[in-house]
Amino acid sequence: MSNTTLNETERPDDPDERTTTVGESEETIQPSWRQYHFDGDSKISVSGLDVHYGDDHALKDIGMEIPEESVTALIGPSGCGKSTFLRCLNRMNDRIRAAEIDGEVSYDGENIYGDGVNLVELRKRVGMVFQAPNPFPKSIRENVSYGPRKHGDIRTGFFDRLTGRDDREQRDRIVEESLRKAALWDEVKDRLDENALSLSGGQQQRLCIARCLAVDPDVILMDEPASALDPIATAKIEDLIEQLAEEYTVVVVTHNMQQAARISDQTAVFLTGGELVEYGDTDQIFENPNSDRVEDYITGKFG
Amino acid sequence: MARTDYQRQLRALRADVVEMGEVVLGRYDGALTALETKDEELAREVIEGDDEINETYLDLESDCIGLFALQQPVASDLRFVAASFKILTDLERIGDLATNLAGYALDAERQRYPEVDIRHIGERVRTMVADAIDAYDRSDAGIAREVALRDDDIDQLCETASETVVADLLRTNYGDESAAILEDASRLLLTIRDLERVADHAVNVCARIVYMVEHDDELIY
């Protein structure tokens, strides 16, 4: 994997003048369509990001500023690279041997692809929730406390009890706080020692969010977090995402465009070919997109 | 092309709104002619036809709500359905005003102010409505903007006409005829006001068309 940071003059061609064809239309992507201006600070800055899977150029020269404490939705047809992009934000793509990543992704000003980055710490600060709920086959309490214990934030083992370093109170506090933030506490507070697999799908997904929150992240990446859930469970997850954005930076990949419209503050549209075509206020994207291809995609004329 | 049924519904909505506009325009024409010719039968046709317009309005409003609820339109589709939803209301109001005008035709016994050219004002207002409906059908913001500009002339014509009537009332002592004259004068002033309102609704339609086509709300506010 290369850690090269490309600058404007080194780029092989000018991506801002690139003309691409998707569906039946052809258009030149204008730089202004991808420059999102917002008040406040940027939590994640991406520039010149290219990802190859072997010969497949999955992401092409992506640049994005992701505002803190807000919800950013990534939408686009299958294969457009939005999940690849999401995984680049906490280096989950490192686990894919064929992935070659160039460019820069900065979290709080530090390039996460730079030398000496502590991946464990990075993924603690930039957590991820996946499409299918994936609780451990352990109790609800253990699911939530697993991360803090692994990271050494709480100690509750036999040896710790023997040596008087038992941190059970802190564990219970983290478990309750995380479950409350994930809007699950009231539903499970009397059954914390039951197996997490006994929960419904929607509850399992909120448990996974609580597990993510327990290690005190800053950014939460979500890859289709409600696509496997029924409408009621989906609504709870959507409410939760909006609440989380008061404290965390949330980036959500979704195929459900109405969900993106409902929950996000800003939306980035990726289209086939691994390109970011438009990025802006969600209102603007869904009411008056600049790109005809984005218009065609979100109105369902192709994709 | 994906979502073919949805696309068909959007095309049908446009065609139905245009058709409703043409019916409303027909009623307005009838009212204008009835005012001029004192044709009671024609006036009653216009008045009785208002129920049909109201039913069409409710049906099309329901179609728009159905599209919002079931198809969740976005981008230009959203602007089109939202604009159509509002334009329907303006067309229905023009229908109501045509009914008012037809009612004045039934009551007016004679034209006491020949210098007030209701036919001229009415024709110019009619052209505004017809052009607004055409602009909607074509999604032509240019025509819509141009139609909206004509409203100042209509306002001026209506103001001049009203002043003519009021000045005559102030100037002339009609003696025993005063009550009848006042009744006719008020009816004429209401006619002028309603024509001006029809033009205002045409401008509203144009404002929604500009928003629909260009996402520009300058004429709405």
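Modeller: Strands (E, at least two residues) and helices (H or I, at least four) are DSSP runs, numbered from the N terminus. This is a predicted model, in which local features need pLDDT of at least 70, side-chain atom pairs count only at pLDDT 80 or more, and totals for chains, interfaces and linings use all residues. Residues are numbered from 1 along each chain as its sequence is written, chains are lettered from A and ligands numbered from 1 in the order in which they are written, and side-chain values use heavy atoms, with hydrogens and water left out.

Biologist: Which residue stands opposite L49(A) in β4(A)?

Modeller: That residue is I62(A). Strand β3 (residues 42-53) of chain A runs antiparallel to β4(A), and 8 bridges join them.

Biologist: And what is the strand order of the open sheet of 4 strands in chain A?

Modeller: The order is β4-β3-β6-β7, with antiparallel pairing. At the edges stand β4 (56-67) and β7 (110-111) of chain A, each with a single partner strand, so one side of each has no neighbour in the sheet.

Biologist: Turning to β12(A), why is it largely enclosed?

Modeller: Strand β12 (residues 275-281) of chain A is largely enclosed by the rest of the structure because 6 of its 7 residues are buried (under 20% relative accessible area with a 1.4 Å probe, protein chains only). Strand β11 (residues 266-271) of chain A pairs with β12(A) in the antiparallel sense over 6 bridges, and F270(A) stands opposite L276(A).

Biologist: How many residues lie between β11(A) and β12(A) in the hairpin?

Modeller: There are 3, and G273(A) in the turn has a positive phi of about 110 degrees.

Biologist: Now the interface: how much area do chain A and chain B bury between them?

Modeller: They bury about 1,100 Å², 47% of it on carbon and sulfur atoms; buried area is the accessible area (1.4 Å probe) that two parts lose on being put together, summed over both. In chain A, E287(A), T299(A) and K301(A) lose the most area to chain B, together 46% of what that side buries.

Biologist: How many residues does each chain bring to the contact?

Modeller: Chain A brings 10 residues and chain B brings 14, where contact means heavy atoms within 4.5 Å.

Definitions and conventions:
Buried means under 20% relative accessible area, exposed over 50%, partly exposed in between (1.4 Å probe, protein chains only). Two strands pair if DSSP finds at least two bridges between them.
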